[in-house]
Amino acid sequence: MKKIICLFAALAAMAFTVGAPTKAKAAVITLDKNMALIVTACEKGGENGFAAVAGEGTEISFDMLKSADNGTTGIITAADKKSVSKKGNLTAYSFESGYNYRLTLTGETVIISKRGFFESEYEKIDEKSISAGGVLGIYGLSDGVLSASFIIDDFMCFDESGNETVVDKFEKKTAEKGSVIKSFDCNGFIDNFDDITYDVSFLTEDGDLIAVGTVCKYNHVTFPSAPKKDGYRFVRWAGDTENITSNGACYAVYEEGEESSSESGVSGGDFADDSHVSGDNGGSKGGCGSSVTGVPAVGAAIVFAAVVMKRRKGDE
């Protein structure tokens, strides 16, 4: 009799699953922690502190997650790594929070461009006359007893041919030797910023959890691949995506239509690379792993089978 009951329960589960509406397939994954770099120049005995991040090359780019509250920030050039200090060639410039900046050195002129974290096109916003050098970077300089501290992510440096000379996403607690210059004068310091973090949940339209990402304060999210949904194409992630200062959520948004084979669960694709896919128009890196379907229907079938077994036990 038990075999009959188990068979009945299995058939009930299949019936409920087949009759259930098609939903986006999802399996919960945990994304890598999205870390950042805090650069602090602080006073020592009334003297101005100094700290800089730089690399060999003629172009750099970086995300300015939080600009300095005190002191000054700006652009530094130097003949070599050993010359990167407050005695180097400093040009003051206030970088605004919430943008990816690109600094391009041409002769003795630096062109400053910026874009949104998840945008593909840069807009030229300024240019500065500056001393040429083989090393290019950004710095912080404190104002007396007030420290100057800013937070950046995704620091990249390129040579004249466009080859990457430095790439550091600060995902490791200790940067690789030589990848980022750490300059210390008057008690300045640089370290990975991961002591204040928040969780961002990625959900289907029905509220099913797809992934959870841990994000440092002021940083932006790393997107998971969106689950496929029969008869629909993924459009965007809607919700909390950048300058995160609290726990939040992002929802997958779909529209009717079939995804092309090239999309493969990643959307929003008029972007330079998958590390800057729009929070309002895109998918991203990574995969969801195995998928789970028909969970509500199977749960109903199990409950139904349990009721049958309970009644059968009462009859005995």
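Five strands make up an open sheet of mixed pairing, ordered S1-S16-S15-S18-S17. Strands are DSSP runs of E with at least two residues, and two strands pair if DSSP finds at least two bridges between them. The model is predicted: local features need pLDDT of at least 70 and side-chain atom pairs pLDDT 80 or more, while totals for chains, interfaces and linings use all residues. Residues are numbered from 1 along each chain as its sequence is written, and side-chain values use heavy atoms, without hydrogens and water.

Reader: Which residue in S16 stands opposite Ile29?
Author: S1 and S16 (residues 209-216) pair in the parallel sense over two bridges. Opposite Ile29 stands Ala211.

Reader: How many residues apart in sequence are the parts that Phe62 and Tyr101 tie together?
Author: Rings of Phe, Tyr and Trp (its six-membered ring) pair if their centres lie within 6.5 Å; planes under 30 degrees apart count as stacked, over 60 as edge-to-face and the rest as tilted. Phe62 and Tyr101 are stacked, at 5.9 Å centre to centre and 20° between the planes. Phe62 lies in strand S4 (residues 59-66) and Tyr101 in strand S7 (residues 99-106), so the parts tied together are apart in sequence by 39 residues.

Reader: Are Phe62 and Tyr101 buried or exposed?
Author: Buried means under 20% relative accessible area, exposed over 50%, and partly exposed in between (1.4 Å probe, protein chains only). Both Phe62 and Tyr101 are buried.

Definitions and conventions:
Helices (H or I, at least four residues) and strands (E, at least two) are DSSP runs, numbered from the N terminus.
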